[in-house]
Amino acid sequence: MTEAGQGAEAPPPFEHEIRVTWADCDPAKIAYTGRLPYFALDAIDAWWEHHLGGGWYHLELDLGFGTPFVHLSLDFVSPVTPRHRLICKVWPSKLGTKSIEFRVEGYQDGTLCFTGRFVNVFVVSATFASQPAPPGIRELVEPLLRP
């Protein structure tokens with residue numbers, strides 16, 4: 001796998017803002033646990049849209065490849081509430097032959113709320129067959145890798 005930090009300074013992460021609403025919360029007045037992966041996935045989709053002009057829908061239908069998840073993990077640090085916007089910082093942390101790994105950090109009012117690791121594999125949309133990272137994607141992602 002290729003990793004960032006080999007001689008060049010890592011680029012800043014992409015930031016995606018999410019409005020957390022009362023409907024996202026449980027009786028304890030914090031975001032439902034299940035909403036946090038949703039917020040992180042929304043941020044990764046926004047990362048693709050920012051860099052390619054479209055998110056996962058665009059990848060699947062227009063570019064002919066998908067990136068289904070094979071791993072998701074989150075560590076919770078501080079509660080997420082509707083008091084402040086949730087800023088999700090997103091970056092690719094590894095690019096393998098047939099996989100890509102993203103890191104997501106969620107912050108509210110400067111406080112780290114969660115960190116997550118998300119691993120996708122590349123597949124051909126029409127057949128769901130495994131494939132190497134498309135060359136254009138590799139060219140896009142490699143300069144954006146951060147540890």
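Begin by selecting residues 99-108, strand β5, together with residues 111-121, strand β6, which pair in the antiparallel sense over 10 bridges. Here a strand is a DSSP run of E with at least two residues, a helix is a run of H or I with at least four, both numbered from the N terminus, and two strands pair if DSSP finds at least two bridges between them. What you see is a predicted model, in which local features need pLDDT of at least 70, side-chain atom pairs count only at pLDDT 80 or more, and totals for chains, interfaces and linings use all residues. Residues are numbered from 1 along each chain as its sequence is written, and side-chain values use heavy atoms, with hydrogens and water left out.

Now pick out E101, whose bridge partner in β6 is V119, and then Y107, whose partner in β6 is L112. Between these strands lie the two residues of their hairpin, where D109 takes a positive phi near 50 degrees.

Select W91 to find its bridge partner in β5, R103.

Finally, show the whole open sheet, whose five strands follow the order β1-β4-β5-β6-β3 with antiparallel pairing. Its edge strands, β1 (14-18) and β3 (69-76), each pair on one side only.
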